[in-house]
There are 2 protein chains.
Amino acid sequence: MSAEIICVGTELLLGNILNSNSQFLAIELAKLGIPHYYQTVVGDNLQRLKHAIDIATKRAEILIFTGGLGPTPDDLTCEAIADFFAVPLVEDAEIIEDITQKLQARGRPVTPNNRKQALIPQGATILPNPIGTAPGIIWQPRPGLTILTFPGVPGELQRMWKETAVPYLQSQGWGKEVIYSRMLKFWGIGESALAQKVSAYFDLPNPTVAPYASKGEVKLRISAKAASETEAQKLIAPIEQQIKEIAGLDYYGADDDTLASVVGHSLRQAKQTLSVAESCTGGGLGQMLTEVSGSSDYFWGGIISYHNSVKHTLLGVDPKDLARFGAVSATVAKQMALGVRSRLDTSWGLSITGIAGPTGGTETKPVGLVYIGLAEPDGNVESFEYHFGTRQSRSLIRHLSACTALDLLRRKLLRGS
Amino acid sequence: MSAEIICVGTELLLGNILNSNSQFLAIELAKLGIPHYYQTVVGDNLQRLKHAIDIATKRAEILIFTGGLGPTPDDLTCEAIADFFAVPLVEDAEIIEDITQKLQARGRPVTPNNRKQALIPQGATILPNPIGTAPGIIWQPRPGLTILTFPGVPGELQRMWKETAVPYLQSQGWGKEVIYSRMLKFWGIGESALAQKVSAYFDLPNPTVAPYASKGEVKLRISAKAASETEAQKLIAPIEQQIKEIAGLDYYGADDDTLASVVGHSLRQAKQTLSVAESCTGGGLGQMLTEVSGSSDYFWGGIISYHNSVKHTLLGVDPKDLARFGAVSATVAKQMALGVRSRLDTSWGLSITGIAGPTGGTETKPVGLVYIGLAEPDGNVESFEYHFGTRQSRSLIRHLSACTALDLLRRKLLRGS
């Protein structure tokens, strides 16, 4: 038993809109424990829509349509469904009244186009739309096959889903088994290296473990199927614990945790404060830190020393060292970290200087070369050299720089220096 | 002749990620004039993947796969393709060497998992991946059918598409009739207000004009279909000109322009410099400005004054005013702007102080209240008050604050103050 999501709309095929409805429905189906194996996007075309219905009826028992319910002639979802199952479309008096009331409330006339929205396949039940004019339907055209339709407007779909579709599906026995997931997050290890360390877990039937990677971060999703969220959590907990032990310090958090939030948590626990000196990231490190609500408890601020003169005047970097080693150097990174720590009077000072590209790289200092400086509470300072790759985008190099700086501090804080 | 997009990944079926790749490919196919009528999403499952291939080969002549090329055992795209067409997977020495070099450059070992990424269907050509380890393939398993595969990482897919897939498809005769688009961008006007002003253009057949809105920005896409990009541009130019005249200063740029890049352009032309003082945005304004390569010509840096003490010590805000008016006030915004302009010795000083929430709001100073200060080259200073809404997310309030600050400066620079 599985569902299939069929999103209808030429605007999706033209790339005019991002298909957020399929993501919403995917998450919701998972919550109800209803598996779905395919999603289909098809344009506003009667024959192709019927072709998609034909395929879906052969591999799924619940078909969920979004889009194609509007008042214009290119909205064809109901027509295609009725046509495919060879039943007539009938005008529903209740819908006509509802549409008339809604349009009158907005001072708009009822047009013939609107009457089209009142046509539903004979035998179907209305899936009410409390905010828009287009209602959906719930219909069993034959035993063992259920059809639900929703408009393409995300706000309308979401409300109709929660208010009517979920109770309906639960009444059909769904939602008794839930799928619950934990997303474990890692920094400082590649996807394949982590995958090798935890490969034994990829074959588990329940919970399942699957890896993801993007922009320097690796994630492992642990998903359990159980009768309740509590039971699913019980299945996940021991696997999560084992994976954390295997990963050691490369594991940094789960679900909504970010590098910035876990660094903040450690700083708050240690009653320590942080300031940042940013050159190539230009404020991005500060932005990550302050994305966490309440970060003013431990993050005092920073200096964006984009121009070299600012490195000297506001951070106290020695102009001779700037000239001798260059702005992108271990020496300057250290002086930036020490400078910002002292000027903002914080426990820690964290600095970034590097070449984000695409221009500005040289033979000895290529694009992607980044130095991170870390001034510690005891006044010691260290610098770390990274090569994020000469062909990476400016945006990715800056992102990796800021994340790596946070990760360095995270590890220091966890080791209890 | 048409294409079909097949996105592979259980993470899409679970709703863990939004399917932005299908939107990117949809836009790109339209540009090349290649129709596509279906998109399919399928999980990391060999049988279902082969089933999706079976269906797609019956209704499309170009199959474009994204995802499932990673190093882990659940990455099955190549295996499914080879299996479906009954050819063996062979290890490609060139790929092995490329992966080895890339991993060595990052100081990471080559694992057996990585070797898996070097397996391609016999007879397929490599579609090089200049930034990641997973290459794609271009393959004609039989006459009249072309397969292209891409990794799921959007940055890698996009680069591989532009550098290799587009030239390849053009060499096959595609892209002779092009769809060319210009995206006009607006700030400081709502979607419906702009739509009303330019509604007459929404009915044009060629070029077409369509509105989009997200996170405070409104866009109008003008798309023309023609035999060449030059001819399409000729169709677009007069419409673009008329819309710009109607929109006036609310229009800020097109295509790759950002508020930060157009501000940068104006500053460079005026030979003026800028510094920023950020409280609630915590570095986000500096990050936007420095996302533009070459911004060090006019952006000198800034001070992230997250903690009130930093507002005083580094920006010279009067502690009495901080106590009397509060950190989120017109007075403090002005002093921050003046302070950063004077300490960094720049033409302009731009400051932001506000309540990003979700906590910290009061009856008189609700979440979403933001003051922006602008210190001008002549030493004058102004402040501006905004209410971005008490129920908006922290992230959106910070984004709107930084964009609005840039927009204020943009308008000042254009008016030639």
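The model is a predicted one. Trp174(A) sits in the loop that runs between α7 (154-171) and β9 (178-187) of chain A. Among residues beyond four places away in sequence, Trp174(A) touches Leu32(A), Gly33(A), Ile34(A) and Leu169(A). One of these, Gly33(A), is 141 residues from Trp174(A) in sequence, yet the two C-alpha atoms are 7.1 Å apart.

| Domain of chain A | Residues |
|---|---|
| domain 1 | 3-171 |
| domain 2 | 178-254 |
| domain 3 | 259-415 |

Taken over C-alpha atoms, the centres of domain 1 of chain A and domain 2 of chain A are separated by 36 Å.

The largest nonpolar core comprises 235 residues, and Ile6(A) and Ile6(B) have the most contacts inside it. The element that gives the most to this core is helix α15 (residues 394-415) of chain A, with eight residues. Leaving aside residues up to four places away in sequence, Ile6(A) is in contact with Thr40(A), Val42(A), Ala52(A), Ala56(A), Leu63(A), Ile64(A) and Phe65(A).

Between the two chains, 70 residues of chain A are in contact with 70 residues of chain B. Strand β2 (residues 36-42) of chain A provides the largest share of the chain A side, seven residues. By class, that side has 29 nonpolar, 33 polar and eight charged residues. The chains are also joined by strand pairing: strand β14 (residues 299-304) of chain A and strand β14 (residues 299-304) of chain B run antiparallel and are linked by three bridges. In this pairing, Gly302(A) has Ile304(B) as its bridge partner in β14(B).

Chain B contains an open sheet of four strands in the order β10-β11-β9-β12, with antiparallel pairing. Its edges are β10 (208-214) and β12 (251-254) of chain B; each has a single partner strand, so one side of each is left without a neighbour in the sheet. From one strand to the next, the twist averages 25°. Within β11(B), Glu217(B) is the residue opposite Ser214(B).

Methods. Residues numbered from 1 in each chain as written. Chains lettered and ligands numbered in written order. Predicted model: local features only at pLDDT ≥ 70, side-chain atom pairs only at ≥ 80, totals over all residues. Core = buried A, V, L, I, M, F, W, Y, C linked by C-beta atoms within 7 Å. Buried ≥ 20, exposed ≤ 12 C-beta atoms within 10 Å, placed from the backbone. Helix = DSSP H or I, 4+ residues; strand = E, 2+ residues; numbered from the N terminus. Contact = placed C-beta atoms within 7 Å. Domains from an automatic or database assignment. Nonpolar A, V, L, I, M, F, W, Y, C, P; charged D, E, K, R; others polar. Pairing = 2+ DSSP bridges. Axes fitted to C-alpha atoms, helices over the stretch in contact; angles between N-to-C directions.
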